[in-house]
Amino acid sequence: YEMISNPMDFSTMRSKVDKGKYGKGSDAASKLYEDFLLVFDNCREFNGESGEVIDEASSLFGLLPTTFALAVEEVTRQL
């Protein structure tokens with residue numbers, strides 16, 4: 001918490017989906033997307049702008065549209 005004031009990770013996101021904490025509909029999708037972006041913003045803040053970790057995070061970020069679409073399906077299935 002000294003460096004990252006609002007931590008987020010994929011496991012926490014999964015738990016929030018499972019517990020319905022994102023809410024419903026487009027509001028849920030928006031909150032989920034914000035958490036996806038927060039994960040990558042925190043990664044960059046913690047690890048700096050270059051290096052192996054950022055390279056890997058950039059590769060994962062390229063998968064975000066597909067991953068996000070699948071996650072939205074999961075969230076909306078819980079409605």
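This report walks through a predicted model of one protein chain, from its overall build to single residues.

## Overall build

The protein chain has 4 helices and 0 strands.

Contacts tell us how the chain folds back on itself. Take the contacts between residues at least 6 apart in sequence: 65% of them join residues at least 24 apart.

## Confidence

The mean pLDDT of the chain is 86. A value of 70 or more is reached by 97% of the residues. Among the elements, helix α1 has the highest mean, at 92. Helix α4, residues 64-77, has the lowest, at 77.

## Surface and interior

The chain has 79 residues, and 28% of them are buried. Its accessible surface comes to about 5,500 Å². Carbon and sulfur atoms account for 54% of that surface.

Part of the surface is a nonpolar patch. Phe10, Leu60 and Leu63 form this patch, with about 280 Å² of accessible area together. Phe10 lies in helix α1, which spans residues 10-18. Is Phe10 buried, exposed or partly exposed? Its relative accessibility is 40%, so Phe10 counts as partly exposed.

The structure holds 5 salt bridges. One of them links Asp18 with Arg14. Their closest N and O atoms are 2.8 Å apart. Asp18 and Arg14 both sit in helix α1, and because they are 4 residues apart, about one helical turn separates them. Both partners are partly exposed: Asp18 has 47% relative accessibility, and Arg14 has 42%.

Lys16 also forms a salt bridge, with Asp35 as its partner. The N to O distance is 2.8 Å. Lys16 lies in helix α1 and Asp35 in helix α2 (residues 25-47), so the pair ties together parts that are 19 residues apart in sequence. Asp35 has a relative accessible area of 9%, so this residue is buried. The cut-off for buried is under 20%.

Arg44 and Glu49 meet in another salt bridge, at 3.5 Å from N to O. Salt bridges with shared partners join Asp41, Arg44 and Glu49 into one network. How exposed are Arg44 and Glu49? Arg44 has a relative accessible area of 36%, so Arg44 is partly exposed. Glu49 has 61%, so Glu49 is exposed. The cut-off for exposed is over 50%.

## A look at Ala29

Ala29 lies in helix α2. At 17% relative accessibility, Ala29 counts as buried. Which residues does Ala29 touch, leaving out those up to four places away in sequence? They are Phe68 and Val72.

Now set Ala29 against Asp18. The two are 11 residues apart along the chain. Their C-alpha atoms are separated by 14 Å. Ala29 is buried at 17% relative accessibility, whereas Asp18 is partly exposed at 47%.

Technical notes
Residues numbered from 1 in each chain as written. Predicted model: local features only at pLDDT ≥ 70, side-chain atom pairs only at ≥ 80, totals over all residues. Heavy atoms only, no water. Patch = residues over 30% accessible without salt bridge, like charges linked within 9 Å, V, L, I, M, F, W, Y side chains within 5 Å. Areas by Shrake-Rupley, 256 points an atom, 1.4 Å probe, with all protein chains shown as cover. Salt bridge = Lys/Arg side-chain N within 4 Å of Asp/Glu carboxyl O. Helix = DSSP H or I, 4+ residues; strand = E, 2+ residues; numbered from the N terminus. Buried < 20%, exposed > 50% of the residue type's maximum accessible area, 1.4 Å probe, protein only. pLDDT = per-residue confidence, 0-100. Contact = heavy atoms within 4.5 Å.
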